[in-house]
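Hi,

Here's the structure I promised to pass on. Have a look at it first, then read on for what turned up.

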Amino acid sequence: MRLKPFWRLVPGAVLVLSAWSSAALTVGRAQGSAVIGRPLDISIPVGLDALDSVADLCPEAEVFYGETRVNDRRVELGTSATRAGAGTVRLRVSTPVDEAFVSVVLKLGCIHKFTRRFELRTEQSADLAEAA
């Protein structure tokens with residue numbers, strides 16, 4: 001009978017320990033625009049837990065122009081700290097945008113992956129508009 005109270009505490013202890021080890025991550029809206037005929041260049045603000053740094057983000061991205069996936073070699077990702085507890089993920093694609101919609105699937109986290117999908121509607125560049 002002495003073991004029963006102990007076993008009642010185990011589920012609660014597991015929940016507390018798992019919540020303690022989890023990280024808080026806030027991902028903002030994509031900043032920048034997708035312009036037809038120009039390479040994609042956007043930045044995404046990220047709020048971090050006090051214990052995390054931008055080095056812990058381990059960003060990965062899949063980029064689609066329309067329904068066509070852009071080759072991963074053309075996608076460049078970088079991170080930078082903007083202030084304590086905040087950072088930015090910058091995504092650049094060397095291939096010019098050639099579709100009306102761009103989709104970006106951003107994965108953050110080295111151990112536990114957090115995924116966020118961005119849908120961008122493209123704009124026509126002023127150069128192309130003048131030529132038409």
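One definition before we start: a residue counts as buried under 20% relative accessible area, exposed over 50%, and partly exposed in between. Also keep in mind that this is a predicted model.

So take Asp 41: at 31% relative accessibility, it counts as partly exposed. Its side chain meets that of Arg 92 in a salt bridge, at 4.0 Å from N to O. Asp 41 sits in strand S3 and Arg 92 in strand S7, so this pair ties together parts 51 residues apart in sequence. Arg 92 is partly exposed too, at 34%.

Arg 92 also forms a salt bridge with Glu 76 (3.8 Å, N to O). Since Glu 76 belongs to strand S6, that bridge ties together parts 16 residues apart in sequence.

How many salt bridges does the structure hold? There are 7. Another one joins Glu 60 and Lys 113, at 2.9 Å from N to O. Glu 60 is in strand S4, while Lys 113 is in the loop between S8 and S9, 53 residues apart.

Now for the inside. The largest nonpolar core has 24 residues, and Leu 40, Tyr 65 and Val 93 are among those with the most contacts inside it. Strands S3, S4, S7, S8 and S9 each supply at least two of its residues, and S3 gives the most, with 5. If you click on Tyr 65, look for the residues it touches, including Leu 40, Val 70, Val 93 and Phe 101.

Cheers

Technical notes. Residues numbered from 1 in each chain as written. Predicted model: local features only at pLDDT ≥ 70, side-chain atom pairs only at ≥ 80, totals over all residues. Heavy atoms only, no water. Core = buried A, V, L, I, M, F, W, Y, C linked by side-chain atoms within 4.5 Å. Buried < 20%, exposed > 50% of the residue type's maximum accessible area, 1.4 Å probe, protein only. Helix = DSSP H or I, 4+ residues; strand = E, 2+ residues; numbered from the N terminus. Contact = heavy atoms within 4.5 Å. Lists of a residue's contacts leave out its neighbours within four places in sequence.
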